[in-house]
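Subject: Structure handover and notes

Hello,

Here is the structure you asked about.

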Amino acid sequence: MRWSVMLFGLGFGLFFAQITPSGSQQGFNDVDVRKWAENFGANLYRLSTYFSGADLLRTEYKENNNWQIVKMNGTEMVQKFAKDMFDNLASKRSAVESLTHQAEEANKAHDYDANIELQYPNAMLINKKDDKGNPVHPRLAPDFMLKENEHFNDIPVNMEQSDVQVPVNVYNEAPDVLNAVKWSKNLDPVFIDNGKKDPTLTWQYFGSSTGFFRQYPGIEWEPGANDIDEYDCRNRGWYIQAATSPKDIVIVVDRSGSMKGLRLEIAKQTVDTIIDTMSDNDFFNVIAFNKDVTYIEKCFVNTLVQATSDNKELLKNGVRQLQADGMANFETSLDAAFQMLRDFNNTGQGSWCNQAIMVITDGAPRNYEQIFRRYNHPDRRVRVFSYLIGREVGESAPVKWMACANKGYYTQIATLADVQENVMKYIHVLSRPMVIRRAHGTIWTNVYMDSSGRYKEALKLYDPEGLALMTTVARPVFDMKNQTSLEGNLLGVVGIDVPVSELMKLAPPLKMGVNGYAFVITNNGYILTHPDLRPTVVMEPGGDPITKPNYNSVDLGEVEISDTEEKLRTSMVKRETGSLTMKVQEHLDNMKRVMVHYNSYYFTKIDETPFSLGIAIPSPYGQFFVQGTVKDRSKGLDPLRKGATGPVLAKWKYCQLTTAEANNMTQLDAIVRYLENDNKGSAKSPVIAKQCNRELVDHVMFDAAITEVLDSYWIAVKGNSTKHGIQQVFVGTKGGVTRFYSYLEHPDEMTERDFINKTKNTIQATYYKRAAELGPGYFVYSVPFDQGLSNDTNFVVTASTAIFLQKGGPRAVAAVAGLQMNHESFSNLFFAATAKCADSTRPEDCISCDEDDDVDCYLLDDGGYIVVSEQSEDIGRFYGEIDGTMMSEMEELGLYDKIDLIDYQGMCRTTSADSTAAASRLLNPIMNLIGYVLWWSKELVVLLAQFSLYNLLSGQFEYASAGSGPDYAPCDKGVTLYKANFSINKEMGFDGYMDCNDCQKSFSIKLVPKSNLILLAVGSSCPCNLVSNFDLVPQEVSYGSNDTLLCERRLSQKERRRPDKCYNYHAKEDPKKCGRASSLVVSPLLLLLTLLFTVKEAFLPRT
């Protein structure tokens, strides 16, 4: 692009070119545009300061003088947070230890009764009545008292006893189930006692190896899709991790010609289920064989990969593409599997614990003993699990021998209904060495959102501060009877959910200040909690949130993207204590804005957990904070009592409340009661069960007292607010105190009625962050994104300014004051300032933004978004969408910096609705009939539940919704954002011309003083499209078709730390307990449903 430009600043001008060819557009009078910016800026600053009371608040701080600027000690802070978290988590660990002991003692005292009959509260049946008002089940549907409880997300619960959930694939009155239900009832007293000892405890539970799930407090269980309860506790991460040590697994799938049809579908489902049992501590690969060995993923040849969400989904998708043909060469496939495990183990990667080969086949001609002797004798360190597919199969003895001779387990899977139950048996085999050793280990899971009935409503209204995001602490329960001690029987797993939000309350945001934050990672470097962890996303306007499939394996390097050398990540994974500083690019407002600054990171380990804690503090302003004192605490109560301007408090944990207290008072109420009690001296009586955090309370008292001066001030200036369109004013403090006042006669008329509620957490609110980042003496102005496209003209401009304090040395942010005014009034102020001719010496050059057709005027913010335009539809849009050429010019001039970011938590659309397939079903009567038969068949599932048939049909009843919408998958998304470069001289502006083919387009750019705004005047009579218009919508990052680069990315292995303990061998383990064939009785109805499935697979198109 060719351009000529004049720079004005520091009292002199630099002239590069001033050639105005025939037909070119007239240049702007620099004096006019500069005066416009100055006059508008002065008027705007005066108005904003006057109504917000910012100057008054600064004066109040200076006159009070009961404060000092203190340097933050990041190392000391992170170690204090880590110690508090350790103490909190230790109580949860102690609680599961108590549950483990009670469960094992209860089982020891129980005598097994093969003819048992038992009444118990089934969570799916409690309080259910038939048409005559009788319980729907004589023994499993008692009346069960439930009451809403705020501590449990307002879910109705029974705090006096637990109840039992049984999945559809388990018979709820099987003798094994009833016996375990009976003895596990003895856990109730411990559940209740644990809750009394630690009021922060949430859900406590026992997952039985027989398949049921006992939970406390008891609830009415919500079924899953199609009103079917699929939740099987035994395939949950917390159960599997507690029951086994880490593992390296090679899955070997037979795809020879004999596997065609239903057998191959069963084999694919078996592979899927095995993969679903793996965690981030496991490594695996999948190979298929006929006469040759095929690696499911071409990048994963002769190696194992970590069982991350992405890798698991990649290999599962590959397995779904398998087709059967040819002869089976077992020798080559088994040789490849053993060699892969050996070579991978020699690399020093992997679990360094359990090793296993899973063989999935419909039969083998011989047992290939020579291969097993070559690789696995005499110690048989690699276990072999064999899954014989199909009902009428021959050659089962060799397949069984492979497992029994190699300390594994053999099972036959005749139908899809058998898959889940039979796959899970390998878990209990791997647990034997640990059970025989009686080595109780406590595990902590990755972050997850529970999809069980307990959180159904919470997930609908996902709130990052709610109970949906959690980790689980779990511990195995062993059969401790002397006569069975060497059998290694796992009875189940006990667990307790730990909401991440509760843990992070121990790292109060106000301690880290504005733009500071805390985060926790696991031993694999994955995020447990981070302010930029985004587990859900709305893909369509007005649509429901979608849970990202890989939300629980987001790596720290994918969030702290500036850590390109992974120094921070590596140090934290190694559980080191230390600090480092680096330049960061932090996005705001859902990847629409960006801040660039330096962060100082401090990190350390959380003892006796796999977690490491880090905190980030921005430099330089975040390194210091204002510490205020209230000299007379007896007078600190009055400012806290609610008046016309509040106050309201952040959703932070100032006081520890019991559940009963939390139901009856807010944190502000608790602080007031705490202070009232404190002021009574020796005569005080307890009004809350536990103490408040005195340091935080003092912070609140100081902030409330300082800001109280605004009460009378805001009321006094109210009379002048109407003509300026001021809707409300507010102030937020570092301590989480917010005061606000509405100037509208009817507050319900306020444009953003929920603004105060959304920004309660002051220093975490965007208005606070951006004001602090811009610096002292400036207001930040913003409008809602894309507001002009909504056809709603009733919206506001939000303004905020940071109150910095200083006593001769470093400065710190104490508060942010601001206001909201009608956009119409704001625009009128702008156009009034730009309608005057400031240069009386050149009246012939006078222009006006509002009236001159040859000039377009814009007011842009620091992100390039339009705040004011003559075209109302432009408001809130990125200026590059309007004029890509001029936006690129401003970038070249250095006024805006272009910043490229990658969102590693993106979701992309993968396929569109298959309308052709849907239409063909309607046009083909036979296929349509089959579809309807399948749909009605689901009504029989409840009757079939006791025969574990649900899995036969699971996932096949999407007929009604198939083709109804797009599919989404995780992807990387790139986005380019812009940030104004205010480091240039504040007096400087840009004036010049752009050579646009047949004409020259003039422009003038000036900074609006004491704001984040830029005034742009650009000629409108010279069309210029040298650069196409562009937006800031994130786009999928394509890594191209280069197989080498793609494989390098997929195979990259980041630093990780293995779990501390491994139990994979015990000399007294009995290898003879190695399984048997399926014993499910064949029924005509089962055969009918199997036939329907087969017909559907053969004739109905897949979507």
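The notes below cover the disulfides, the cores, a helix, a glutamine and a sheet.

This is a predicted model, in which local features need pLDDT of at least 70 and side-chain atom pairs count only at pLDDT 80 or more, while totals for chains, interfaces and linings use all residues. Residues are numbered from 1 along each chain as its sequence is written, and side-chain values use heavy atoms, with hydrogens and water left out.

Disulfides

There are eight disulfides in the structure, a disulfide being a pair of cysteine sulfur atoms within 2.5 Å. Three of them are described here, including one between C299 and C1047, with 2.1 Å from S to S. The torsion about that S-S bond is about -75 degrees, so the C299 and C1047 disulfide is left-handed. C299 sits in the loop between β11 (293-295) and β12 (305-306), and C1047 in helix α31 (residues 1043-1051), so the pair ties together parts that are 748 residues apart in sequence. Helices (H or I, at least four residues) and strands (E, at least two) are DSSP runs, numbered from the N terminus. C299 and C1047 are both buried; buried means under 20% relative accessible area, exposed over 50%, and partly exposed in between (1.4 Å probe, protein chains only).

C655 is joined to C692, S to S 1.9 Å. Here the torsion about the S-S bond is about 100 degrees, so the disulfide of C655 and C692 is right-handed. The loop between β28 (648-649) and α19 (659-662) holds C655, and the loop between α20 (667-678) and α21 (694-707) holds C692, so the pair ties together parts that are 37 residues apart in sequence. Both C655 and C692 are buried.

The sulfur atoms of C908 and C971 are 1.9 Å apart and form a disulfide. The link of C908 and C971 is right-handed, with 75 degrees about the S-S bond. C908 belongs to strand β36 (residues 896-911) and C971 to strand β37 (residues 967-980), so this pair ties together parts that are 63 residues apart in sequence. C908 and C971 are both buried.

Nonpolar cores

A nonpolar core is a set of buried Ala, Val, Leu, Ile, Met, Phe, Trp, Tyr and Cys residues joined through side-chain atoms within 4.5 Å. The largest one has 146 residues, and W238, I251, V286 and Y387 have the most contacts inside it. Helix α3 gives the most to this core, with 12 residues. Leaving aside neighbours within four places in sequence, V286 is in contact (heavy atoms within 4.5 Å) with I251, V253, V271, I275, T294, Y295, I296, L315 and V319. Apart from this core lies another, of 87 residues, among them V797, F826, A833 and F1003.

Helix α4

How many of the 10 residues of helix α4 (residues 175-184) are buried? Seven are, so α4 is largely enclosed by the rest of the structure. They are V177, L178, N179, A180, V181, W183 and S184. Their cover includes α3 (74-108), β6 (163-165), β7 (204-208), β8 (213-216) and β19 (490-499).

Q412

Q412 is in strand β15 (residues 409-413) and is buried, with a relative accessible area of 11%. A polar atom of the Q412 side chain lies 2.7 Å from the backbone oxygen of G390. For the backbone oxygen of R391, the distance to a polar atom of the Q412 side chain is 3.2 Å.

A five-stranded sheet

Five strands form an open, antiparallel sheet in the order β21-β20-β26-β25-β24. The edges are β21 (527-529) and β24 (578-588), each with a single partner strand, so one side of each is left without a neighbour in the sheet. From one strand to the next the twist averages 35 degrees. Within the sheet, β20 (residues 517-521) and β26 (residues 612-619) pair in the antiparallel sense over five bridges; two strands pair if DSSP finds at least two bridges between them. A518 stands opposite I615 in β26.

Two helices are placed against these strands. α3 lies across β25 (593-605) and β26, running at about 145 degrees to β26. Helix α24 (residues 766-774) packs on the sheet and touches β24 and β25, its direction making about 100 degrees with that of β25. Axes are lines fitted to C-alpha atoms, for helices over the stretch in contact, and angles run from 0 to 180 degrees between N-to-C directions.

Regards

Methods: Polar contact = N/O pair within 3.5 Å; in protein donor to acceptor, adjacent residues only side chain to side chain.
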